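Subject: Structure handover

Hello,

Here is the structure I promised to pass on. Please open it alongside this email, and my notes follow below.

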Amino acid sequence: MPIQVLAEEVVARIAAGEAVERPASAVKELIENAIDAGASAIHVEVLGGGRQLLRVSDNGLGIPSKEADLAFTRHATSKLRRAEELSRVTTLGFRGEALASLAAVSQATIITRHRDEAMGVMLKSGGGLRKQAIGAPAGTVVTIERLFYNTPARLKFLKSDSTEKRHIHWVVARYAMAYPGIAFVLKQDGRERLQTSGSGGLADVLAKAFGLKAFKLMLPVSNADESARAEIKIGVEGYVSRPELHRARRDRIILFVNGRAIQDSALSQAIVQAYEGLLKAGAYPLAVLLIRSPSEFVDVNVHPTKAEVRFRDPQQVFLAAQRAVRQALHAAGDIAPAADILSESGFTDAYIDYSRAAPDWLRLAKDELFDDSPQSHAQALADAPAKPRTLPVLRVVGQVGASYIVAEGPAGLYLIDQNAAHERILYEEICAGAKAGDMAKHPTDESQVLMLSPPDAKLLEQASQVFRALGFEIEIFGGNAFVVRALPEPALGLDIADLLPRMLERLRGSPLEMSDGVAALAWAAAKRRGHVLLDDAMRQLVAKLERCPNPLVSPSGRKVFIHFSSEQLADEFGRG
């Protein structure tokens, strides 16, 4: 087949596939146009999950009649003139593709009147552009009918009406959150699904979007003081959930940058890490964060749907967001403050305020809590770091099932998961070493050649900087073979052919930051269940756990121990 220039109709449909993936994408583009037009009220109407009809009405500036002919023309926009302006885009739209793309895959109608004109104009696409004068209020109404009627493949891949309606609902809800000063109304199949007042209060919108019961468990976030000290001002405002309010997915971590809804897995992960030690594995908070930065600090022209942005200094943005969330949790009494939440090397420290969050047995009398008298404990304490005690002194009694350490304390019995406890201890030690710049490498006695699966080999290359920062020295030997020449201290004596694949398993799907590497090493190197421990090893492990900043849960979110008070034991044996 010879090379030919594609017909304009084909080009338009291809472009539509990039900008309009589903009905919710069309709603997003039209809402952004309305916001750019200065609307204070936006009304969205949907029939049949968006396949049958989408209508977005606004009271914005409107389009001048002499410019209306360009509305359905590709790359025609009022928001951009020169290429240099791409480096400091301040509007939500700027490419001039949305209306042209929608017109290419639907029957589209625009009714618009500019505020300074007495009459409006109506334009219809399909079978050639048709235009006529019409009486209309100031603003714009865009009606999209029979979406994807001429692209059956795209129509086939749409989900059920209920799924498409849910996506549309959250598009409208997100922009209502980002612009609480705009009154939004969403009607689906004749029923009102969302209405906001436009009062300017984000709290009002969240109470409508999440429900009042959930909103009562949300905490306000603001980092005004933090951003004021930074060379480049990064503002973070919004709300996050208390730890008791969480979901099994990240889909309610909602992020905006300069009013633009974005997707950023690394930034979402930074927020999740702010809850480290507060949520179990697989639980994610609710968060709505509005991030503000100079427009030249953000590149918005990196994704066809403008859903992703690129920061000039992503670390500073992640720091600002994570610190703001931690400060909100601290203000509510969920955690104690951390002076350096996310260091330059990218790992986190989480400190729980045990005076507020821990069980009653941690609030024992001072003399009892700090009694270091047991002789059997002396050597273990000497080996442990001199850190503040976060647990009472525990006397190791024995081991159960080669998995759990049985210990006695001043307030009863403790069953300690040795794997979770060791993971917590290793995590804190690795963090401390990284902070001090003391990630020592220990050369191996002889070069170890390690064969990895192709996916693991690729991931290891991608994460090479993380492994190097942790103290690993690994060279490519050829194909999927690697030579291990040095190891960090936590990996010494372990089977590297088992350790590295476990670390890679833990890293898969993560942003590959230093914090991910620290957590992966601690998780992979921790003593597993089924490992018999000698008495001295158990005592040393428990002594170190007693002085961990967060002894209640492992970095992966698992419970470290179960406590049975003396009263519980007495009740069980009928001795109350």
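Which kind of link do the side chains of D498 and R528 form? They meet in a salt bridge, with N and O 2.1 Å apart. A salt bridge here is a side-chain nitrogen of Lys or Arg within 4 Å of a carboxyl oxygen of Asp or Glu. D498 sits in helix 17, and R528 sits in the loop between helix 18 and helix 19 (535-545). The two are 30 residues apart, so the pair links distant parts of the chain. D498 is partly exposed at 31% relative accessibility. R528 is partly exposed too, at 33%.

Some ground rules before the rest. This is a predicted model, in which local features need pLDDT of at least 70, side-chain atom pairs count only at pLDDT 80 or more, and totals for chains, interfaces and linings use all residues. Residues are numbered from 1 along each chain as its sequence is written, and side-chain values use heavy atoms, with hydrogens and water left out.

**Confidence**

The pLDDT is the predictor's confidence in each residue, from 0 to 100. Its average over the chain is 80, and 80% of the residues score at least 70. Residues 13-17 fall below 50; beyond near neighbours in sequence, that stretch has 10 contacts in the model. A contact means heavy atoms within 4.5 Å. Residues 225-229 are also below 50, with six contacts beyond near neighbours in sequence. Where pLDDT is low, the predicted coordinates should not be read in detail.

**The chain as a whole**

There are 20 helices and 24 strands. Helices (H or I, at least four residues) and strands (E, at least two) are DSSP runs, numbered from the N terminus. The chain has 576 residues, and 52% of them are buried. Buried means under 20% relative accessible area, exposed means over 50%, and partly exposed lies in between (1.4 Å probe, protein chains only). Of the contacts with a separation of 6 or more, 68% join residues 24 or more positions apart. The chain exposes about 27100 Å², and carbon and sulfur atoms supply 51% of that.

**More salt bridges**

The count comes to 20 salt bridges. Side chains of opposite charge can pair when their charged atoms come close. D456 and R508 make one of these bridges, at 2.5 Å from N to O. D456 lies in helix 15 (residues 454-462), while R508 is in the loop between helix 17 (496-507) and helix 18 (514-525). This pair also links distant parts of the chain, 52 residues apart. D456 is buried at 12% relative accessible area. R508 is partly exposed at 44%.

Elsewhere, R247, R249, D251 and R252 are linked in a network of salt bridges.

**An open sheet and its helices**

Five strands form an open sheet in the order 9-10-15-12-13, with mixed pairing. Strand 9 (218-222) and strand 13 (260-262) stand at the edges; each has a single partner strand, so one side of each lacks a neighbour in the sheet. The twist averages 15 degrees from one strand to the next. Strand 10 (residues 235-241) and strand 15 (residues 287-292) pair antiparallel over six bridges. Two strands count as paired if DSSP finds at least two bridges between them. V240 has A287 of strand 15 as its bridge partner.

Helix 6 (residues 202-210) packs on this sheet, touching strand 9, strand 10, strand 12 (253-257) and strand 15. Its direction makes about 35 degrees with that of strand 10. Helix 9 (residues 265-274) packs on the sheet as well, touching strand 12 and strand 15, at about 125 degrees to the direction of strand 12. Axes are lines fitted to C-alpha atoms, for helices over the stretch in contact, and angles run from 0 to 180 degrees between N-to-C directions.

Strand 1 (residues 41-47) runs antiparallel to strand 2 (residues 53-58), joined by six bridges. I42 stands opposite D58. Five residues lie between the strands of this hairpin, where G48 takes a positive phi near 60 degrees. Strand 2 is also joined to strand 6 (residues 139-145) by six bridges, again antiparallel. There, V56 has V142 as its bridge partner.

Best wishes

Methods: Areas by Shrake-Rupley, 256 points an atom, 1.4 Å probe, with all protein chains shown as cover.
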